[in-house]
Amino acid sequence: MTTAGTVREGDERPNSVLGKVSLILSAFGDDDFSLGLAELRDRTGIAKATVHRLCRELVATDFLERDGCNYRLGVRLYAMGLRSPHQRTLRAAARPVIESLAQSLDNAVILAIPHDSELLCVENLGTHRNQARSTADGRRMELHCTAAGKLTLALLPEQYRLGEVLHSMVRRTPHTLGPAQLPGELCRIREQGYAVEVEEKRLGYLAVAVPVRGPADTYLGALSVIAPTAGSRITRLLSALTQASSIITARLARYDSLRVPL
């Protein structure tokens with residue numbers, strides 16, 4: 001058995017730059033967060049100096065990102081992936097629901113999806129007065145101190161390695177959970193089916209997140225609302241999110257059954 005991108009004996013190695021770039025990007029398997037030059041050389045069969053040069057160029061164009069001395073797949077690949085039919089369908093199903101929810105709650109609503117070992121924000125909509133939009137940068141969301149992140153950690157334990165998350169946790173506010181508290185919190189989230197954070201990410205704001213599921217009950221991502229702590233009722237936000245999530249799932253099912261644009 002070979003890992004992703006490994007050159008097998010007898011395979012023809014491409015001589016073109018495009019072919020070599022393809023091998024480098026394909027070298028990352030499902031379980032690889034980042035790879036070093038030696039690993040990329042071994043998996044692709046390309047000379048280390050060439051791998052190094054091409055990786056520098058891929059970093060400059062956001063197809064790869066630096067992770068210390070290693071490299072990981074970049075956000076530009078993710079952005080291109082959003083154009084795939086699956087992601088387009090999810091966003092098409094969710095966007096009008098998110099727009100309506102953000103308007104009715106007068107707060108920011110976020111849709112985040114799991115991507116390898118990260119959680120990526122794909123929609124971040126809010127009203128004109130809302131100040132919470134800056135809590136999500138449009139790319140990655142922190143796993144340990146956001147409602148969407150904790151929900152994803154709890155519901156996808158096989159995909160997200162808790163040990164690595166615990167090791168890299170950063171205390172954002174005095175209310176951010178510590179490594180000793182997070183495992184118990186994830187157990188509670190699994191039991192209740194939703195996640196809440198109160199000023200763990202940013203003082204003055206709370207967030208509630210519920211799962212978005214596909215027609216086969218597959219976890220597709222987290223739908224969350226970020227609201228000022230003062231004056232917000234978690235039960236009201238949770239009820240609105242749960243209803244919105246059900247509507248998104250129904251729209252996805254209708255698309256699958258009818259095979260027509262939403």
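Visitor: Is Arg-53 buried, partly exposed or exposed in this model?

Guide: In this predicted model, Arg-53 has a relative accessibility of 36% and therefore counts as partly exposed.

Visitor: With which residue does Arg-53 form a salt bridge, and how far apart are the closest N and O atoms?

Guide: Side chains of opposite charge can pair when their charged atoms come close. Here Arg-53 forms a salt bridge with Glu-57, and the closest N and O atoms are 3.7 Å apart, which falls inside the 4 Å cut-off used for such pairs. Both residues belong to helix α3, where they are four residues apart, about one turn of the helix. Glu-57 is partly exposed as well, with a relative accessible area of 43%.

Visitor: How many salt bridges does a search of the whole structure find, and which residue pairs with Glu-123?

Guide: The search of the whole structure finds 14 salt bridges. Glu-123 pairs with Arg-95, and the closest N and O atoms are 2.5 Å apart. Glu-123 is buried, at a relative accessible area of 5%, while Arg-95, at 33%, counts as partly exposed.

Visitor: Where in the chain do Glu-142 and Arg-172 lie?

Guide: Glu-142 forms a salt bridge with Arg-172, with 2.7 Å between the closest N and O atoms. The pair links distant parts of the chain, since Glu-142 is in the loop between β5 (140–141) and α6 (147–155), whereas Arg-172 is in the loop between α7 (162–168) and α8 (182–192), 30 residues apart. Glu-142 is buried, with a relative accessible area of 18%, and Arg-172 is partly exposed at 43%.

Visitor: Which residues do salt bridges with shared partners join into one network?

Guide: Arg-91, Arg-95, Glu-99 and Glu-123 are joined into one network in this way.

Visitor: How should I read the packing of helix α1 against helix α3?

Guide: Two packed helices are described by the angle between their axes and the distance between the axes. For α1 (residues 17–26) and α3 (residues 48–60), the angle is about 85° and the axes are 11 Å apart. That angle makes α1 roughly perpendicular to α3. On the α1 side the contact is made by Val-17, Lys-20, Val-21, Ile-24 and Leu-25, and on the α3 side by Thr-50, Val-51, Leu-54, Cys-55 and Leu-58. Sorted by class, this contact has eight nonpolar, one polar and one charged residues.

Visitor: In what order do the strands of the open sheet stand, and which of them are at the edges?

Guide: Six strands form the open sheet in the order β5-β4-β3-β8-β7-β6, with antiparallel pairing. The edge positions belong to β5 and β6 (195–198), each of which has a single partner strand, so one side of each is left without a neighbour in the sheet. Within the sheet, nine bridges join β7 to β8, which run antiparallel, and the bridge partner of Ala-209 is Ser-224 in β8. Helix α6 packs on the sheet, touching β3 (108–115), β4, β5, β6, β7 and β8, and the direction of α6 makes about 40° with that of β7.

Visitor: Where does Asp-217 lie, and is Asp-217 buried or exposed?

Guide: Asp-217 lies in the loop between β7 (205–213) and β8 (219–228), and a relative accessible area of 52% makes Asp-217 exposed. Asp-217 and Thr-249 are 32 residues apart in sequence, with a C-alpha to C-alpha separation of 8.9 Å in space.

Key:
Residues are numbered from 1 along each chain as its sequence is written. This is a predicted model: local features need pLDDT of at least 70, side-chain atom pairs count only at pLDDT 80 or more; totals for chains, interfaces and linings use all residues. Side-chain values use heavy atoms; hydrogens and water are left out. Axes are lines fitted to C-alpha atoms, for helices over the stretch in contact, and angles run from 0 to 180 degrees between N-to-C directions. Helices (H or I, at least four residues) and strands (E, at least two) are DSSP runs, numbered from the N terminus. Angles under 35 degrees count as roughly parallel, over 145 as roughly antiparallel, 65 to 115 as roughly perpendicular and the rest as oblique. Contact means heavy atoms within 4.5 Å. Ala, Val, Leu, Ile, Met, Phe, Trp, Tyr, Cys and Pro count as nonpolar, Asp, Glu, Lys and Arg as charged, and the others, Gly among them, as polar. Buried means under 20% relative accessible area, exposed over 50%, partly exposed in between (1.4 Å probe, protein chains only). A salt bridge is a side-chain nitrogen of Lys or Arg within 4 Å of a carboxyl oxygen of Asp or Glu. Two strands pair if DSSP finds at least two bridges between them.
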